[in-house]
Amino acid sequence: MQSAAQVTSFLAAGRTLFLLIHLLGVTCFSYIVARRLVPLIRGERDFRFDRPWLRIKRVFKFWLGQWKQPRYRAAGTMHIFIFAGFLILAIRAFSVLIVGVSQNFVMPGLSGRAGDVYGIITDYAATVVFLCMVIAMVRRLVFKPARYAVPARYGKSHMADAIFLLSLIALLMLADSLFAAAKAAAEAPQGYPVEALAALSLPWMLRNALVSAPLHTLGSLYFSAYLVHELTFYLLLCYRPFGIQFHVETSLFNIYFAKLDREILKPVRWGVSDENLDQVKSFGVKTFEDFTWKHMLDFYSCADCGRCSDNCPANAVGRPLSPRFITIKARDYSFQHYPVFGRVNKGTPLLGSVYSQDEIWSCTTCGACEEECPLLVEYIDKIVDLRRGMVDEGNVPQSLQKPLKALESRGNPYGKMEKKKADWTSAKEFQQICRVRTLDHRNGAQTLYFVDSITSYDDRMQSIGRATAKILNHVGEEFGILGAAERDSGHEVRRFGEETLFIALRDHNTEAIKASGVQRIVTADPHAFNALKHDYKDVPPVEHISQVIAREVAAGKIKFNPVENKNDVYTYHDPCYLGRHNQIYDEPRDVLDAIPGLKRVEMSRARDRSFCCGGGGLMLFYEPKEDQRMGAMRVRMAAEAGANVIVTACPFCMVNIEDAIKVAGMEGKMTAIDLAELVDRQIAREHPDAIEEQVSEIKECVTASSNSLK
Ligand code: SF4
Ligand code: SF4
C-alpha cells in the first residue's frame, strides 16, 4: 500500500546531507562573489548614486520589464519567458531548499488555496523554462545564429559553455518537476490530499507516468530528484560567476547603476574638475584597474548575446572591432588576473595584451551597441577612456596627427586660416539673397548659427551652410555667425580622447558665444549640436536646423513647392548624433512628409537602428583596416529599400555617403542631399519683388559684416 508520508520520509533520512550541501553551497557562492568584487573595489571611482527614483524606474523598465528584449523577436520573447519563469520559481526554489532540512516548511502566505494557485503557476513556469532551454539548445546546435559565433581572432567558441549552462537549467527544472511528480503519484490512489498539478505541465506528465510505480521506486525518485535539484542548484549558483551566466546575479545592479545621461561623455576622472586636470597623473584607461567599478560590473553583466556586435557598423564592415569582445576579453582578463583561488596579478597594460590600437580607433562612437544592449552595457565611455590613455602616451595614428596639430594651432582640422572661416558666405549668388552677419559684442543678434569646421571649410559642405542661412533668413530669424571667432566645436576631438585640446576649444567658443550676446544657437551639424548641448556648459539653448524647420513648417511659415521629379524615391538616413544620441527622429521625417509629392521609404535600419555612415570620431581623417566602407553598405541599404535619393541632416554623413555612391559605382542612380539643401530647394518663396528688397537689405548687411571682419 502506498503512503505519501512514507515517500516524503525518504527526505528526512537525508537531512544532514542536505544541510551540508546548503552550507557548502552558500559558503562557496559567497566566497566566489567576494573574490569577484575585488577588482571592483580597486577600480576607479564612478558616480552612480544620484537620482535613485529614476534608477528604480529604469530597473522596472529594463530589468523587470525586459524592455529591450523584443528588439530580437524570437530570442527576446524566449528570454522574457525564461526570465519570468525564473522570477516565479525563485520562491519555490527557496522553499524546496528548506524542505530538505525542515520537512513541513511552507512559505508564509503560500499555504491553502494561495499555495495551490502558486503551485499551478510554478508547474507551468518550470515547464516553460524547460522547453525554452531545449529550444535554446537546438537553436545553438542546429541553427547556429551568426551573432553567437566567435571569430578565430577572439578565441575559441563559447558553444560548449552555453550548452552546459542550458543543460544545467533544464536539469534543474526536470529535477524539480520529478520531485513534485513523485510525491503526487504517491498521494494519488490513497485518498491523501492530492497536490493539484497543472494539466499538461511537466510535473503533471511525470506524475501520470509514475502513478502506478511501487512505493519504494517513488521514494527513491523523490529523494534522488531532490538531491539532483540541490546539487544542480548550487552547481549553477557557483558556476555562474565563472562565465556569461553571472549576469543573472549582476544584471539588476548593472541596470540600477547604468548611465542616466548616455549622451554626456564620462569625465577624465570622476570628482576632478577641468581646472584641476593638470593634477591628474595619468589620463584614461591603460591598465584594467583604470576602468571604473561600474565598467567592470559591465564586464560581469554581459550575457554574450552578441546584439551589440550584430549592430556595430565597424564589425559589419570588417574592422578589427566587435564590442561584444571588448567586454568578453576584459572579463577573461579579470578572471585570469583576479582568480577565485590564487594571487591577484594586476597592472598589466591592456594595449597589446588585450586590445589592439586599431580595435580602439575603429569605433565611430555611433552608439548602436549601447542602444541594443538589453543589459545597458556601456561602450563609448570605455573606448574614449582607452583612447585617452593612448593619447596620453603619444599613441596617435599617423593620419590623425596632422589634423590634431591644425586644431591646436588654427582651431580647425584642415589647418585653414581663421579669417577664411566665413568665406562660404561670400558666394555672389548667395549674397544676393541672404544676409549673414558676423556677430561680436557690438554687432549682436538673437540667434547664433554655429557653423563648425566642416561646413565652413569644405567646398561641398558650404552649400549646407548657405542653405541653412537661407532657411533662417526665410523664417525671419535675426541671426549671425561668429566667423573668425568660431573654432571647431571639439566634438570629435573629445571622442578621440584629446580632452585638453577639447577644453581649450570649448572655452574659446564659450567665451565668443557669450560675448556675442545671443539668446539661442542653431546648427546644421549634429556633431556641433551634440557638443554644444552636452559637452559645453553655460551656453544658450541649442537646436538643430531640422527642429527649427519642422516647427516653422507646422506653424505655416515654411511652405513647399511640389517635388519636380515625381519618380524619385527618398529615404532618410538618421545621423547618429541627431538620432541615437539625441532622439531627433521625427522632425526630419515630418519635414520630408510635408513636401508635396515626395515619396519616402524607410531603410531596413532606421531611427535608433540607423547604420553609421562612418564619419564620427575624427574618422574622416583615419584610414581604418576594413573590408568595405560603411557608407557603401548604407548606400546599398538605401537601394534595397527602393530609394534613389538619400536625405541626411549632417555634413559628415554627406561626405561619406556621396563618396560611397562613387565607390559603389552608383553615380547617376543614387544621389544624396542634406535636409537643409532639400528644404532650401523646395521652399515656396515670395514674389521676386520681395526678394529684390531683401537683396538690397542684405547688401547693406554684407558690407557691415566685411567691415567688422577687417
Ligand atoms: S559605438 Fe558604434 S562603432 Fe563603436 S563599438 Fe559601438 S556600435 Fe561599434
Ligand atoms: S554587451 Fe550587451 S548586447 Fe553585447 S553581448 Fe553583452 S549583453 Fe549582449
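**Entry 1: a first residue**

Is arginine 51 buried, partly exposed or exposed? I looked it up: arginine 51 has 37% relative accessibility, so it counts as partly exposed. For the cut-offs, I noted that buried means under 20% relative accessible area, exposed means over 50%, and partly exposed is in between, with a 1.4 Å probe and protein chains only.

Before going on, I wrote down that this is a predicted model, where local features need pLDDT of at least 70 and side-chain atom pairs count only at pLDDT 80 or more, while totals for chains, interfaces and linings use all residues. Residues are numbered from 1 along each chain as its sequence is written, chains are lettered from A and ligands numbered from 1 in the order in which they are written, and side-chain values use heavy atoms, with hydrogens and water left out.

Back to arginine 51. I found it in the loop between helix H2 (15–42) and helix H3 (52–64). Helices here are DSSP runs (H or I, at least four residues), strands are DSSP runs too (E, at least two), and the numbering goes from the N terminus. The phi of arginine 51 is near 40°, which is a positive value in a residue other than glycine.

I then checked arginine 607, which also isn't a glycine and has a positive phi of about 50°. Arginine 607 sits in the loop between strand S7 (599–601) and helix H26 (630–640). Its relative accessibility is 31%, so arginine 607 counts as partly exposed.

**Entry 2: the whole protein**

I stepped back for the totals. The protein has 29 helices and 9 strands. Of its 710 residues, 57% count as buried. The C-alpha atoms fill a box of roughly 110 × 60 × 45 Å, taken along the principal axes.

**Entry 3: the surface patch**

Which residues form a nonpolar patch on the surface? I got Trp53, Ile56, Phe60, Leu64 and Leu87, with about 530 Å² of accessible area together. Patch residues have over 30% relative accessible area and no salt bridge; like charges are joined within 9 Å, and nonpolar side chains (Val, Leu, Ile, Met, Phe, Trp, Tyr) within 5 Å. A salt bridge is a side-chain nitrogen of Lys or Arg within 4 Å of a carboxyl oxygen of Asp or Glu. The areas come from the Shrake-Rupley method with a 1.4 Å probe, and for residues only the protein chains shown count as cover.

H3 gives the most to the patch, with 4 residues. Leucine 87 belongs to helix H4 (residues 73–99). With 36% relative accessibility, leucine 87 counts as partly exposed.

**Entry 4: the five-stranded sheet**

I traced an open sheet of 5 strands in the order S1-S3-S2-S4-S5, with parallel pairing. Strand S1 (437–438) and strand S5 (542–544) are at the edges with a single partner strand each, so one side of each has no neighbour in the sheet. Two strands pair if DSSP finds at least two bridges between them.

I took strand S2 (residues 447–450) next. Both of its faces are covered: Thr447 and Tyr449 on one side and Leu448 and Phe450 on the other are all buried. S2 runs parallel to strand S3 (residues 479–481), and 2 bridges join them. Threonine 447 has phenylalanine 479 as its bridge partner in S3. S2 also pairs with S4 in the parallel sense over 4 bridges, and tyrosine 449 stands opposite valine 522 in S4.

Strand S4 (residues 520–523) pairs with S5 in the parallel sense over 3 bridges. The bridge partner of threonine 523 in S5 is histidine 544.

S6 and S7 pair in the parallel sense over 3 bridges. Strand S6 (residues 569–572) and S8 also pair in the parallel sense over 3 bridges, and tyrosine 570 has valine 645 in S8 as its bridge partner.

S8 and strand S9 (residues 671–674) are parallel over 4 bridges. There, isoleucine 646 has alanine 672 in S9 as its bridge partner.

**Entry 5: the ligands**

Of the 13 residues around it, Cys302, Cys305, Cys308, Cys373 and Tyr379 come nearest. A residue is near a molecule or strand if one of its heavy atoms lies within 4 Å of it.
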